[in-house]
Amino acid sequence: MRINQLKKKKILVIDDDELHLYTTRELLQDEDCEVISHKSNYGIGVTNLVRELQPDLILLDINMPGISGEQLAKLLRWRNTPFVFYSSNDEDSLRESALRHGAKGYICKGNIVELKNIVKKYLAKSTFDDMTISV
Amino acid sequence: MPTQDITSNTIPVGELVTSVEQVSPNFSVNSVADKFFCTTDLDAVAVIDDESMPVGLVTRTKLLFSLFRRYGFELYGKHTIITLAEKNPLIIPKDKHINDVIDMALERPPQDIYDEIIVTNDDGTYRGLLSVKQLVIQQSNALAKSILQKEIASARAQELEKISQVKSQFLANVTHELRSPVNAILGLAELLRMAAEKNSMEQIKERLSFMITSATNLRTIITNILDLSKIEAGKMTVVSQPCNVTELVCEIAETARILVGKKAVSIVVTAPVEPIIIATDHIKLRQIITNLVTNAAKFTEAGAITMAIGINNGSLEIAVHDTGIGIKEEHLEKLFTAFGQIEDAKTKQYQGTGLGLTISKNLAELIEGTITVTSTFGKGSTFTLFLPSQVHERRGVLNHAD
């Protein structure tokens, strides 16, 4: 756990669109973190991936073939991994329902400032809270 | 949705009058009794004074009940009818509504319930009689009608609801399909700025090409949406002119080769040696085949996309066969409706908008053709465009070798 703390933080991006994965990865390249992108294929293997990687934050697309981000959120909720929805849509209703789905927030894909701010916020957070849970 | 109950409450009873029989108050009981004896279907007469005002009611049952008693005729026969008449019959103006009248009629004492009701004109003069039986029949008819109308209205409301649901679903999907490339372009623009700051020409080139792809996608979606609304508004015009289908298909095959890129998919064109030339709108034909081939390229990871042209039973067939993911049988019928393949915008079953196929189907209809699809899930699909080709002519010159 302590070693983990010294490592770079990990951000997992889940999307079905490779271009969005590329854009997000590149946009976050200057942040002090490791960005892992995962192209969702009907949600196969996502829970395993999250268990293996133990990312510090997940950016989760909503509109995906086979399984939506909101459905994936149900699977991720109990893993104590914070996730935010990261979608192209920008409706208030989605922002509101994000919290109900256990997300820590909602970022619209075109809003780069918001993306960077939320990621920065999570990178600044100590892992202390997470450690107390896992110890 | 509130439905208006228009029938049962709005029938004025004036229109339902069943008889206009009347006698003067001075008639003898005997003469009125004769009237009842002679007219077997006469149930009641109104007693009307010289000024046409109703003053009483005589019903067959009650009159004959009095007269048939022992000495009845002797006792009452020579009296004026007014002495035996019901002096306070139910009198109602003609504009009263049927439901109110029935309520009033049934509120009468039990022995009077079935008495006829006198209907008057606006000035209070006699208009006619109304039988309670008739009233009840009318009311139940009206009720049945109104139930039917309600059912029709609610079916219509459901239909409208469905249309509006489809529309808002369409809008939600369109919004997403439009936002997605816009946001990608925004992200790429920011990345370009970052690359420019670093003076990384390589990154700039890469990102620019991504940006062009995104913008092209966006243009395709916008064009599709506009095309679809044009088709729906009936504003698409057809210009028919000779078109070399073989050449056209070969050209589209070239674009398909670019589309499949590095995937292990071969593009095959099979066509008769002699080029097939038909009179049609070549722009629309190109759009249809391009759509079908683009779909095939999108959903095929390995194998082949075969475009087969042929004349069969006097119609031109262009079949686009792929070895892609295929379509489940239950999804086949929804295939040609805009966004029909997406039950829930958040879990799209397939990528893309489905606009392409809807447009293709509509375009095919515009040029008097049809599109059919057969598919085996997991194995591949075949989309076939049939075009009437009475107008086709084969040219004996081989001007395209493939």
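Chain A of this predicted model holds seven helices and five strands. Along the sequence, the elements of chain A run α-β-α-β-α-β-α-β-α-β-α-α.

**Chain A overall**
- Chain A has 135 residues, and 37% of them are buried.
- Of the contacts in chain A with a separation of 6 or more, 58% join residues 24 or more positions apart.

**The sheet of chain A**
- Five strands form an open sheet in the order E2-E1-E3-E4-E5 (chain A), and their pairing is parallel.
- Strand E2 (33-39) and strand E5 (105-108) of chain A are the edge strands, each pairing on one side only.
- From one strand to the next, the twist averages 20°.
- Strand E1 (residues 9-15) of chain A pairs with E2(A) in the parallel sense, over seven bridges.

- A:Ile58 sits in strand E3 of chain A.
- A:Ile58 counts as buried because 29 other C-beta atoms lie within 10 Å, where the cut-off is 20 or more.
- Setting aside neighbours within four places in sequence, A:Ile58 is in contact with A:Leu12, A:Ile14, A:Leu76, A:Thr81 and A:Phe83.
- A:Phe85 is 27 residues from A:Ile58 along the chain, and their C-alpha atoms are 8.3 Å apart.

**Where chain A meets chain B**
- Chain A brings 19 residues to the contact, and chain B brings 21 residues.
- On the chain A side, helix H2 (18-27) and helix H4 (69-76) each supply at least two residues.
- H2(A) gives the largest share of that side, with five residues.
- Sorted by class, the side of chain A that touches chain B has six nonpolar, nine polar and four charged residues.

**Two packed helices in chain B**
- Helix H6 (residues 98-106) and helix H7 (residues 132-198) of chain B have axes that come within 10 Å and cross at roughly 140°.
- The crossing of H6(B) and H7(B) is left-handed.
- H6(B) contributes B:Ile98, B:Asn99, B:Val101, B:Ile102 and B:Ala105 to the contact.
- H7(B) contributes B:Val132, B:Leu135, B:Val136, B:Gln138, B:Gln139 and B:Ala142.
- The residues of this helix contact comprise eight nonpolar, three polar and no charged.

**B:Val265, a residue in a strand of chain B**
- B:Val265 belongs to strand E8 (residues 264-270) of chain B.
- With 21 other C-beta atoms within 10 Å, B:Val265 is buried.
- Not counting residues up to four places away in sequence, B:Val265 touches B:Val260, B:Thr300, B:Ala302, B:Gly303, B:Ala304 and B:Ile305.
- B:Val265 and B:Gly324 are 59 residues apart in sequence, while their C-alpha atoms are 9.7 Å apart in space.

Technical notes:
Residues numbered from 1 in each chain as written. Chains lettered and ligands numbered in written order. Predicted model: local features only at pLDDT ≥ 70, side-chain atom pairs only at ≥ 80, totals over all residues. Contact = placed C-beta atoms within 7 Å. Helix = DSSP H or I, 4+ residues; strand = E, 2+ residues; numbered from the N terminus. Nonpolar A, V, L, I, M, F, W, Y, C, P; charged D, E, K, R; others polar. Pairing = 2+ DSSP bridges. Axes fitted to C-alpha atoms, helices over the stretch in contact; angles between N-to-C directions. Buried ≥ 20, exposed ≤ 12 C-beta atoms within 10 Å, placed from the backbone. Left-handed = near helix turned anticlockwise from the far one by under 90°.
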